[in-house]
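Biologist: I would like to learn how to read a protein model feature by feature. Please show me the structure first.

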Amino acid sequence: RGEDFEILVVANNCTDKTPQIVRDFSASKKRSRLYNIPGKIGKGGAIKIGFKKSKGDWACFVDADNSTPPAEFRKVLEAAKAHHCVAIASRGIPGSEVSNSPVYRSILGRGFHFLVNLIFGLGIRDTQCGAKVFPARVARALIKEDFSSGWEFDVELLWNCRKKNIRIIEIPVIWTEYGDSKLNLMSIPEMFLGLLKMRLSEKL
């Protein structure tokens, strides 16, 4: 669209051909770069590296499985620019569409966000959708914080925004489930304990 941009791919502990595919693609694309991290640093660690290496006015991240397609991600970016705030993709507000997602995922998602809002009071319908946009100054301030590396990273990231009085808006997206999820019914107790530990640690 004639705008300046960069694509940073942070591959973490990959067992497939992702790093080589990105290397081959980036060889002729100056705006695309690979950061291949062999040791396990988790989602939180990977995104912190991406934020740190980014050079633009906006720092965005999106899952590589294309669950949030480019056109939908663009909507989130445009909303962030229009409102000068953090914008996150949401599957939980009117206007969103979710396909190919098993019923148990929907149940787990609702249970998780009930716990999130019970413990943190964020008032956000979907903290976990893997597409979020931040003003670069906000992203660089956030990476100075200590974050967990697992599934709770998104909650912690948004909670830190709330504590800094940074505005967050949710944008409805069309989202499609791809691949197998590691979430199951046994994840709920682990999620609850992780969220509770995170919240209580701030009171100590």
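Biologist: Which strands form the open sheet, and in what order?

Modeller: Strands of a sheet pair through backbone hydrogen bonds, either parallel or antiparallel. In this predicted model, four strands form an open sheet in the order β3-β6-β4-β7, with mixed pairing. Its edge strands are β3 and β7 (168-172), each of which pairs on one side only. On average, neighbouring strands of this sheet are turned by 15° against each other, direction ignored. Helices (H or I, at least four residues) and strands (E, at least two) are DSSP runs, numbered from the N terminus. Two strands pair if DSSP finds at least two bridges between them. Angles run from 0 to 180 degrees between N-to-C directions, and axes are lines fitted to C-alpha atoms, for helices over the stretch in contact.

Biologist: What rules apply to the numbering and the values?

Modeller: Residues are numbered from 1 along each chain as its sequence is written. Local features need pLDDT of at least 70 and side-chain atom pairs count only at pLDDT 80 or more, while totals for chains, interfaces and linings use all residues, and side-chain values use heavy atoms, leaving out hydrogens and water.

Biologist: How many bridges join β3 to β6?

Modeller: Five bridges join β3 to strand β6 (residues 131-135), and the two run antiparallel. Among the residues involved, Cys 60 has Val 133 in β6 as its bridge partner.

Biologist: Which residues of β3 are on its covered face?

Modeller: In a regular strand the side chains alternate between the two faces of the sheet. In β3 (residues 58-62), Ala 59 and Phe 61 make up the covered face, and Trp 58, Cys 60 and Val 62 the uncovered one. Helix α6 (residues 153-163) lies across β3, β4 (86-90), β6 and β7, and runs at about 30° to β6.

Biologist: Which residues of α4 are buried?

Modeller: An α-helix has 3.6 residues a turn, so residues three or four places apart point the same way. In α4, Arg 105, Leu 108, Phe 112, His 113, Leu 115, Val 116, Ile 119 and Phe 120 are buried. They cover an arc of only 155° around the axis, which puts them on the same side of α4; the arc is that of the directions from the helix axis to the C-beta atoms. The face turned away from this buried side carries the exposed residues Val 103, Ile 107, Arg 110, Phe 114 and Leu 118. Buried means under 20% relative accessible area, exposed over 50%, and partly exposed in between (1.4 Å probe, protein chains only).

Biologist: Is Ser 32 buried or exposed?

Modeller: Ser 32, in strand β2 (residues 32-37), is buried, with a relative accessible area of 8%.

Key: Contact = heavy atoms within 4.5 Å.
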